[in-house]
Structures are given as structure tokens and as C-alpha cells.
Amino acid sequence: MSNIGSYTDRLKNFDWSFAEKELGYRSGDPINIGWYCSDRICQMGLAEKKALIWEDFHGASKTYTFDDLRILSNTIAAYLLELGLKPGDRICLFLDRVPELYIGFLGILKMGGIAQPLFSAFGEDSLLTRLDNAKTAAIFTQRKHVAKVRKILAQLPEMRHIIVIDPDGPPLREREVGFRLDQAKRVEHFTVHPTTAETPSVLHYTSGTTGQPKGAQHVHYSLISQYLTAKWVLDLQPDDLYWCNADPGWVTGTSYGIIGPWSNGITQVVLDSGFNTERWYTLIQKHRVTVWYSAPTAIRLLMREGTVVARRFDLSSLRHLCSVGEPLNAEAVLWSKEAYGLQFHDSYWQTETGSIVITNVPEMPIKPGSMGKPFPGITAAIVDPKTFEPIDQPARVGLIALRPGWPAMFRTYWNNRATYESKFKNGWYISGDRASIDADGYFWFVGRDDDVINTGGHLVGPFEIESALLEHPAVAESAAVGKPDHVNMEVVKAFVALKPGFEPDGDLELEIMNFIRKKLSPLAMPQEIEFVKSLPKTRSGKIMRRVLRAQEWGEPIGDISTLEND
Amino acid sequence: MDDIKTTVLDYIRKEYLEEDDDRELTETTPLITGGIVDSFSMVSLKRFLERKYAIQIPDADASPEAFDTARSIEALVNRFKK
């Protein structure tokens, strides 16, 4: 029997207070995610239960109980206060998937700080944009990433502490301090900051079509949705061994790689390793993973290796599979049944939504290729892109819209209230994703409604790429669009017009690719560059990305009456 | 160490590691699983190999496993070198 039981029964009289009661939370009480994920679980008698089994690519391993989580997150929280950091300060985690990332996240929340996890593969420009916007006061990082912080430090006057978790080696520099969690004095008792429901907790940056990335700001009350969706969608049960292969630099890695499982008192395994089919299957086999939350890109990479490789491993411990990131194609759902004897349950949500909002739950028949139905407590509709009125006709495409009010919904974009408010129309939060609903109420994803590129489940903003391209000495103007890719759904393609004196060739293409990879991230690196004489523009000089995108996708170009050179 | 492996490791050091990153790289250092090169960055490494050795590596052969060490990359390059 799954945790959710009957989906239809759960829809009846659903109220989020159900989760509040389970968590022992009463409106107006203090609520602190760090405490709920560690101290509360210990108080429930699970102090000695394993919370984290961590492995790296060499096979090195560490195990932490919930009591370790409690004490070590206390240790980090106390250390941050000793440094002079204060509740409300933004504290960045710029780390690989090491234990300090997971435990540090809880520690920051316990002292009342706002955790700002950033993907450790970000280049210095991506890092600068996000740290500058948040006016971040401190950053946890590793030796191998500290050089990127040093390069931009002069532009970050608010950054007071760079906390290096592996400080052995050459002397640290200005504003840098070493902190070894395994050598720090363990803090048994710590007074958790009395955060309340609306106290800011986490800042995750996400990309849009225009402007630089925006920080979606969440609050401690998000716990209510994250706890319940982890319980009902991921179906986490006391004896489960859970694996979420998302990096906490992205929202899935915090909502369901930290908060969801640990607030439910679940043991999870973390693999700090790049993708490798055999390594992944070895992990499942070795630890007897039961519930696996993955992503379509990873599933398609596993599909490439075929069922033969999967059958070389004992994966019989798996009992429930879920996926998120971009639409999970029907072929992948059917393949997973063949390879693992189980179908992946697709789920849909965004950085802004903070928790799963549309999903396939265990007891619901899966329609391969559909993202499922709204989670109880979520009112979702497809609305007309002009009137923002719900569309009643099945299969008609419109925008996914959500009625505001679920606990994990973002509360603002950091320092950018106007953009936040622009996301609401006619009483709906407008997701920016296009979809349709069938006659049975299942949602079917179609694509983005804007120029944002969804690559490997991560959103990349074209403006950020184009701005970085212009910093290359050879680039006169550029446009970045998504082009279809059978593994990543989309990858970045750049159209580049060169300055006089530069000639297009393969060496220059590779140089520009690496330039963007180092400045922004591997995700933002164009996988292809097409050199052009000029770019299609409106008469007012705005680059018409949609013309280029349509060309890549083989779609109709649409209205080009405003095209400058038509 | 012969030319291909040396060339690959020199390129990795120059393009993928920060200037003061003094990690030792050998022909068996895990590049993909070790997080030095990820599946997106693999595309630029593949492009480099194709230009350097005047070869075409089909996408189906450009797997994370084939790119995981300088040794496996050498084997891949040799398969497509005329």
C-alpha cells in the first residue's frame, strides 16, 4: 500500500493542515527546516538511524546518523555565528556533492541564515551575477573551486568570509578561513533560531528570457509541501533507501535531495560522481536502493546503454521510480518497465513552485508521456495565453497556470519584486510552460512559452549567454536558442556574427565554446555555433530569436512582418 | 606516456582546471566520474580531438565511459584514426 492510497480520496477535503499535524506544527509556532530535518527526527527516537550514506567516485564512503546531522549542523550553525554572520545573511554553498553541502545547508538554516546553493560547475561570471545580486555575506567552497571566487572577490564588497572546507595546502588568502567539519569541536546543544513560517530560507537562482538570473526566494513554511509531496509522490517509507541524483545546486537537490527525505526521517544515499552507467547501477545494487528520483536526461543516457547492462546488476531492490526536469518521453517510461520492471513516474514543478505540483502518484495509472495530474491541494489549469482564462476543451494547448497559495511557493524574486508580480495574471501564477489537458485530466507538456532553453532539465537564459558571447573579442553580435537534442531535450546553439578581421573556422568555434563554458557553465556552452553575416532583427533592432529557434525545430516561423531585412 | 594521452592531459589541464588547481592528472584519472569534465563539456573535448586528429567521432561512440580517462580517450581516438 502506498502512502497516498487513493488519489481521488485524497482530493476530497484535502487541507495542508494534514501535513502540519503530522509534523506537529501549529500556525504561529517557530518552524525551522534545519531543526525539522535533524533534531525532530532524533526526538522521534531515530537518532541512530542512518541519514546519509555518502560515496565519491573513488568509492570512498562516509555514513552519518540523524544524530550526526543534528550535532554537525549545530557545529556549522555555531561556527557561522562565531564568524559574525547573522540571521538573514545570505550564505552560499558552492560545493561538489560532499557531506558539508548537505549538512551545511541545515546549519545555515538553523542559525537563521538564507541558504544559497550554487552549482559548483558555474564559471566566474555566473557566480558573480548571483552573489552580487544576493549581496552574499559568506560562501562555503573547496580548494578546487576557490580560484573562481578569488577572481571575482574584488567585485563583491559584501562578501566577508570564504570558508574553505579542505584548507590543507598553500596559505589561504584575504577573507578566506579554513573549516574542517571532521575536526571541528562538535556542538551538542545549539539554540535554533526561531524562524517562523514566512522567514526566508533558501534562494535558488533561475533563468528567464530577459535580464540576468533571478533569485527565487523561499520560506521555512515550504517544508509543509516538501514533506508531504516526498511522502505521497516519492512514497518514502521508513525502511526505504532513497537516492535523488540531483545536485543541490538546483532546486530538486534541496527540496527532494535534503528537505523531503530528511523531514520524513528517511535514509538517503548520495553519490558525488559524474555520470557513469555502471557506477550508478553499482550504487543501487550495493546499497539496495528502493526509491530513485532521477531525470529524463539521465534516463535517456541509461537507455543508450540498453537493458543488457542493467541486467548485469541486481536492481531488484528498486520499488518506486520518479523523474523530474523536463518531460519524460513515453519511450523512456516504457523502456524503464523493460529494464527495471518498473515505470518512472514523471513529475512537474519549477524552482518557483518549490515542490511538486503536477505528478503521477503510485496508485494512478500512468499514461506514458504525461506529467500526470495536480497534487492534492494544487489548483492547476491550462489558460489562454492572451486572456488568462482557463481552457476547458481537452487537448487544446495553453499555459500551465497555478492558483497561488500552496506552502512551498516562492515569495518573491530577490531584489526584483516587479518581475515577481509580472508572473501573476488573472489570479493565477503563470508558469511559462505550455501544455494541454486530456479528457481524463492528465497534463501533457508541450514546451516553453518563451526563449528560455531547457537543457538536461536545467533552464538557461539566452540573455546571459549572449551577454557573455559579446565579451569575446571576435563576437560582434549573437543570439542563443535551444536546438533539439535526443538526450538533453534541448542544447544551446549560438548564432554569431563576427567583427571585421575575424574569420570563422573550427578553432574559433571551439575557442568560443570554451570561453562560455568557463565564464558561465558547461550547461550554457553552445554545443554548436553557426557563424552568420547578420542576425534577423525587428525594425527597432531587437534580435528575433524565435525565427532562429523555429529554424532549428523545423517549425513555422510565424509573423515576420516586423523583420528588418525582409 | 605517449602523445595522445599527453596531449589530452595537457588540454584538460589548460582548459578544464583552474590555474592554481594542482591536482595530479594521470592517464587513469577519472575525468567524467571525477567531475573534471561533465557530459556537456565532453562536447568541446570531442570537438578538440576531432580537430587535432582530423577524425570524426560518431555521437554513439562519444559515451561518458569512453571519455572517462586519458587512456580510454586514446583508445577511442585510435579507433577512428586512419
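How many residues of chain A are in contact with chain B, and how many of chain B with chain A? I put this to the predicted model before anything else.

**Entry 1. Chain A against chain B**

I counted 21 residues of chain A in contact with 23 residues of chain B. I then looked up which elements of chain A give two or more residues to that side, and found helix 8 (143–152) and helix 16 (506–519). Helix 16 of chain A supplies the largest share, six residues. By residue class, I recorded nine nonpolar, six polar and six charged residues on the side of chain A that touches chain B.

**Entry 2. Domains of chain A**

I next turned to the division of the chain itself. Chain A has a domain 1 that covers 7–435 and a domain 2 that covers 453–553. Over C-alpha atoms, I noted 29 Å between the centres of domain 1 and domain 2 of chain A. Their contact involves 23 residues from domain 1 of chain A and 20 residues from domain 2 of chain A.

Which elements give two or more residues to the domain 1 side of this contact? I found helix 7 (124–134) and helix 12 (296–311) of chain A. Helix 12 of chain A gives the most, with four residues.

**Entry 3. Helix 7 of chain A**

The buried residues of helix 7 of chain A are A:Asp125, A:Ser126, A:Leu127, A:Arg130, A:Leu131, A:Asn133 and A:Ala134. After helix 7 of chain A comes A:Lys135, and I noted that the phi of A:Lys135 is positive, near 50°.

**Entry 4. A:Tyr348**

I then examined a single residue. A:Tyr348 belongs to strand 14 of chain A, which spans residues 344–348. Is A:Tyr348 buried or exposed? I classed A:Tyr348 as buried because 27 C-beta neighbours lie inside 10 Å, and the cut-off for a buried residue is 20 or more.

Which residues does A:Tyr348 contact, once neighbours within four places in sequence are left aside? I listed A:Val357, A:Ile358, A:Thr359, A:Met371 and A:Phe445.

I also checked the separation of A:Tyr348 from A:Met303. These two residues are 45 residues apart along the chain, and I recorded 21 Å between their C-alpha atoms.

Technical notes:
Residues are numbered from 1 along each chain as its sequence is written. Chains are lettered from A and ligands numbered from 1 in the order in which they are written. This is a predicted model: local features need pLDDT of at least 70, side-chain atom pairs count only at pLDDT 80 or more; totals for chains, interfaces and linings use all residues. Domain bounds come from an automatic or database domain assignment. Two residues are in contact if their C-beta atoms, placed from the backbone, lie within 7 Å. A residue is buried if 20 or more other C-beta atoms lie within 10 Å of its own, exposed if 12 or fewer, and partly exposed in between; C-beta atoms are placed from the backbone. Ala, Val, Leu, Ile, Met, Phe, Trp, Tyr, Cys and Pro count as nonpolar, Asp, Glu, Lys and Arg as charged, and the others, Gly among them, as polar.
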